[in-house]
Amino acid sequence: MMKVGFIGWRGMVGSVLMERMRAESDFNAISPVFFSTSSVGGESPYVGKDVGVLQDAYECKLLASLDCIVTTQGSDYTKEVLPKLRSAGWNGYWLDASSGLRMDDDAIIVLDPINRQLIEQGLSSGIKNYVGGNCTVSLMLLGLDGLFKADLIEWISSMTYQAASGAGANNIRELLKQSGALYAAAKDLLDDKNASILDIDYRVTQELHSANFPQQYFGAPLAGSVIPWIDAGLENGQTKEEWKGGVEANKILGYTPDTVKVDGTCVRVGVLRSHSQALTIKLKRSDLSLAEIEQIIAKANPWVKFVANNKADTLRELTPASVSGTLDIAVGRLKSLKFGPEYISLFTVGDQLLWGAAEPLRRMLNILVEKHA
Ligand code: HSE
């Protein structure tokens, strides 16, 4: 059995990964060891068998005895530990949810329904580092899988609506605290049917502007507002999140940079879980009907759930609330645009903690386990 170490399993992506692995009985096929950066000797998570206590995540000798290490701990951990292991001659598989290694030549960004062939080539050529992609990129590629397979896309403009959970556990708490503060500010007026709506609006706006409004993690109100900035800024005016959209998508698809141009604006919205994107796409062909495009998108993989472009279906099936906690990649609002017959737009939403983070890593681990058997 493969000996597999897990680091960062208690964090948000790590917890979702544990949940999925338990649900799919993945732990039956491996011999897991759990590590901690802070509670060495503590209790390992329940995986249905005895796995001993938590080990030290910086103990290179023990790490180097493993066949595979799965980390959802973050880039700082990767930067500190992986070079030490490699320079000590460790030749095991490193599976990583963080972004640090993604663009390295000796790392493959894993999204096996899209790039299984690249993964297989990587495995045969001895590549040992396999990294999960940026969540919005992975969700976009799964939603547009059919259009990519048919080589129909010239460029994509993506406008994202990213959930608070993409920024971390503290940010989820802060969004809820912000929502509570806004409600509390207006509660007595909300309870009074005769209260003026402008008075309610005034109270809420005052609260949004108050120095005491909780915004330690976001740096701005998110409840009752949006934040059109995610991650660091780059010199060209993009944010890093926007830059990732283009570079990672092309790398996952095995294309040279900018083969398919992807650019847009990434926006944090007051959603708890699941990232949405409105995509404007220039197709390479202008002769396809919407019905044909729908078929191409809908049939691409088992997770795409095509939603008809009407209000009832959209409200029921094309929202973060409806897809959260599922592996569905909902795609809808498909329409032609007035700019010309080759332009379409659509809206897509998927759970960024599942297909956007945990699931590609879980599946990559299973690919390794199959090979090892
Ligand atoms: N970079 C992403 C975000 C994380 O900030 O939403 C993926 O969930």
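This note covers strand pairing and helix packing in a predicted model.

1. Basis. The model is predicted, so to speak of local features requires pLDDT of at least 70 and side-chain atom pairs count only at pLDDT 80 or more, while totals for chains, interfaces and linings use all residues. Residues are numbered from 1 along each chain as its sequence is written, and side-chain values use heavy atoms, without hydrogens and water.

2. Strand β5. Strands here are DSSP runs of E with at least two residues, and helices are H or I runs of at least four, numbered from the N terminus. In β5 (residues 93-96), Tyr-93 and Leu-95 point one way, Trp-94 and Asp-96 the other. All four are buried (under 20% relative accessible area, 1.4 Å probe, protein chains only).

3. Neighbours of β5. Pairing takes at least two DSSP bridges between two strands. Strand β4 (residues 68-71) runs parallel to β5 over four bridges, with Cys-68 opposite Tyr-93. Strand β7 (residues 129-132) is also parallel to β5, through three bridges; there Asn-129 is the bridge partner of Trp-94.

4. The six-stranded sheet. An open sheet of mixed pairing has the order β9-β8-β10-β13-β12-β11. Its edge strands, β9 (261-268) and β11 (304-306), each pair on one side only. Within it, β8 (residues 153-162) and β10 (residues 275-283) are antiparallel, joined by eight bridges; Met-159 has Ala-278 as its partner in β10.

5. Helix on the sheet. Helix α9 (residues 240-253) lies across β8 and β9, at about 145 degrees to β9. Angles run from 0 to 180 degrees between N-to-C directions of axes fitted to C-alpha atoms, for helices over the stretch in contact (heavy atoms within 4.5 Å).

Terms used: Buried < 20%, exposed > 50% of the residue type's maximum accessible area, 1.4 Å probe, protein only.
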